[in-house]
Amino acid sequence: MSRFFTEDIAGDTARITGEDVRHLSRVLRLRAGDTVEICDGAGTDYTGVITAVGQDEVTCALSGAHPSPTEPRCRVTLFQALPKTGKMEVIVQKCVELGVAAVTPVVTERCVAVPTRDFENKRVRYQRVAAEAAKQSRRGIIPPVSGVLPLRQVDFSRFDTVLAAYEEERTTSLKAALAGGAGESIALIIGPEGGLESEEVAWLTAVGAVSVSLGPRILRTETAGMAMLAQVLYELE
């Protein structure tokens, strides 16, 4: 069954607009009476029956509201240090498929890439990537990709658990850090190509983060976030 996101829901009626109208009518060739799956982007799914297909809008009658079964029980936010050009889209796409709740790009000491004045244009593109990945993986939300922040300006106090991947960590594994539970809100911190500075890790641990090892092998920055996220969700689900 084809799946569409829309926040334009009033009572038992949903309206689909934008690029999805063309995809629905011209590519999928759906018509009035056809059944689709509608998601409100906030974790609720509906069964929708198309009532009208217009040039700019498709309306659906809704029934059978239920929580999206694909959403993790815990909310994981990825704080990804800005990677070199071309890597962020892949990170966003794959982490959305895996179940991330939000992605926040951050600037750390060893970042080779630096945010430019047109970063907002890139963020908009990353958000489109997140939306497409959410549709493909049948997510119940479209995870937001926020604007870039310096790492030390992030308020990590709002998370139940904060985990920083650090290649020099020798005593605490990710599995061990999760052994006692992690709460409902988790932050994962991934450094850039050169990793996190020891001073940054010291600051993170001072504000409540746990420095963890992802294993004996050194992972690329575009691999580390996906691997860490997948391990966290596996352990907690």
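Colleague: What makes Glu57 buried, exposed or partly exposed?

Modeller: This is a predicted model, and the value is computed from it. Glu57 has a relative accessible area of 35%. Buried means under 20% and exposed means over 50%, so Glu57 is called partly exposed.

Colleague: Why is the contact between Arg15 and Glu57 called a salt bridge?

Modeller: The closest N and O atoms of Arg15 and Glu57 are 3.8 Å apart. The cut-off is within 4 Å, so the pair counts as a salt bridge. Arg15 lies in strand S3, while Glu57 is in the loop between S5 and S6, 42 residues apart. Arg15 is also partly exposed, with a relative accessible area of 30%.

Colleague: How do you know that S3 and S6 pair?

Modeller: Two strands need at least two bridges. Strand S3 (residues 13-16) and strand S6 (residues 58-67) have four bridges, in the antiparallel sense, so they count as paired. One of the residues involved is Thr13, whose bridge partner in S6 is Ala61.

Colleague: What makes S5 and S6 a pair?

Modeller: The requirement is again at least two bridges, and eight bridges join S5 (residues 44-53) to S6. The two strands run antiparallel, and Val53 stands opposite Val58 in S6. A hairpin of four residues joins S5 to S6.

Colleague: Why is the pair Arg125 and Glu89 said to tie together separate parts of the sequence?

Modeller: The side chains of Arg125 and Glu89 meet in a salt bridge at 2.5 Å, N to O. Arg125 lies in helix H3 (residues 119-136) and Glu89 in helix H2 (residues 88-98), so the pair ties together parts that are 36 residues apart in sequence. Arg125, at 32% relative accessibility, is partly exposed, and Glu89 is partly exposed at 29%.

Colleague: Where do Glu97 and Lys94 lie?

Modeller: Both are in helix H2, three residues apart, about one turn of the helix. Glu97 forms a salt bridge with Lys94, with the closest N and O atoms 3.7 Å apart.

Colleague: How many salt bridges does a search of the whole structure find?

Modeller: The search finds 15 salt bridges. Arg3, Glu37, Asp45 and Arg138 are linked in a network of them.

Definitions and conventions. Residues are numbered from 1 along each chain as its sequence is written. This is a predicted model: local features need pLDDT of at least 70, side-chain atom pairs count only at pLDDT 80 or more; totals for chains, interfaces and linings use all residues. Side-chain values use heavy atoms; hydrogens and water are left out. Buried means under 20% relative accessible area, exposed over 50%, partly exposed in between (1.4 Å probe, protein chains only).
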